[in-house]
Amino acid sequence: MVIEAREKEDYKMFALFHKENIVAVTGFQPMTTLYYGRFIRVCDLVTDANHRSKGYGEQLLSFAHEWAKENQYESIALSSGLQRSDAHCFYQEKMGYDKVSYIQSKFKVIFYQLAFIPIPKF
């Protein structure tokens, strides 16, 4: 699945290791839409439950921000399940994301909260 996404959709995946074990992973996709313009959609941000609250998610999301800036993308968007209140606090309070819309899903009948952050220009 990841290989197909990399080949067909320019999906990028990066991981953080502790010793020789993966402790956190992020995956994002560069996109262009009329609404956002050129932006990065964070599709995946996962930290091993035994390694949470150690700054790994912040490191990976900050890496995605830097990647976006270096590659001239204007903003970053991500979705997070409504039940994930801890993740919402992380995105909004720690990482500076704003709630801007909801994503509707017909196949899973789950609503997602969309977060968005403009990339500062230097």
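**Close-up views of a predicted chain**

View 1. Of the contacts (heavy atoms within 4.5 Å) in the chain between residues at least 6 apart in sequence, 49% join residues at least 24 apart. This is a predicted model, where local features need pLDDT of at least 70 and side-chain atom pairs count only at pLDDT 80 or more, while totals for chains, interfaces and linings use all residues. Residues are numbered from 1 along each chain as its sequence is written, and side-chain values use heavy atoms, with hydrogens and water left out. You will find three helices and six strands here, taken as DSSP runs (helices H or I, at least four residues; strands E, at least two) and numbered from the N terminus. Starting at the N terminus, their order is α-β-β-β-α-β-α-β-β. Of the 122 residues in the chain, 36% are buried; buried means under 20% relative accessible area, exposed over 50%, and partly exposed in between (1.4 Å probe, protein chains only).

**View 2. Helix α2, from end to end.** Helix α2 covers residues 56-70. Buried residues of α2 include Tyr56, Leu60, Leu61, Ala64 and Trp67. An α-helix has 3.6 residues a turn, so residues three or four places apart point the same way. After α2 comes Gln72, with a positive phi near 60°.

**View 3. An aromatic cluster around Trp67 and Tyr73.** Phe14, Phe28, Phe63, Trp67 and Tyr73 make up one aromatic cluster. Rings of Phe, Tyr and Trp (its six-membered ring) pair if their centres lie within 6.5 Å; planes under 30 degrees apart are stacked, over 60 edge-to-face, and the rest tilted. That rule gives eight aromatic pairs. One of them, Trp67 with Tyr73, is stacked, at 5.8 Å centre to centre and 25° between the planes. Trp67 counts as buried because its relative accessibility is 16%, and Tyr73 is buried too, at 14%. The charged end of Arg38 sits over the ring of Tyr73, 3.9 Å from its centre (the rule asks for NZ of Lys or CZ of Arg within 6 Å of the ring centre and within 35 degrees of the ring normal).

**View 4. Two cysteines, Cys43 and Cys89.** Cys43 is partly exposed, with a relative accessibility of 27%. Cys89 is partly exposed as well, at 39%. The structure has zero disulfides, a disulfide being a pair of cysteine sulfur atoms within 2.5 Å.

Conventions:
The expected span of a helix is 1.5 Å times one less than its number of residues.
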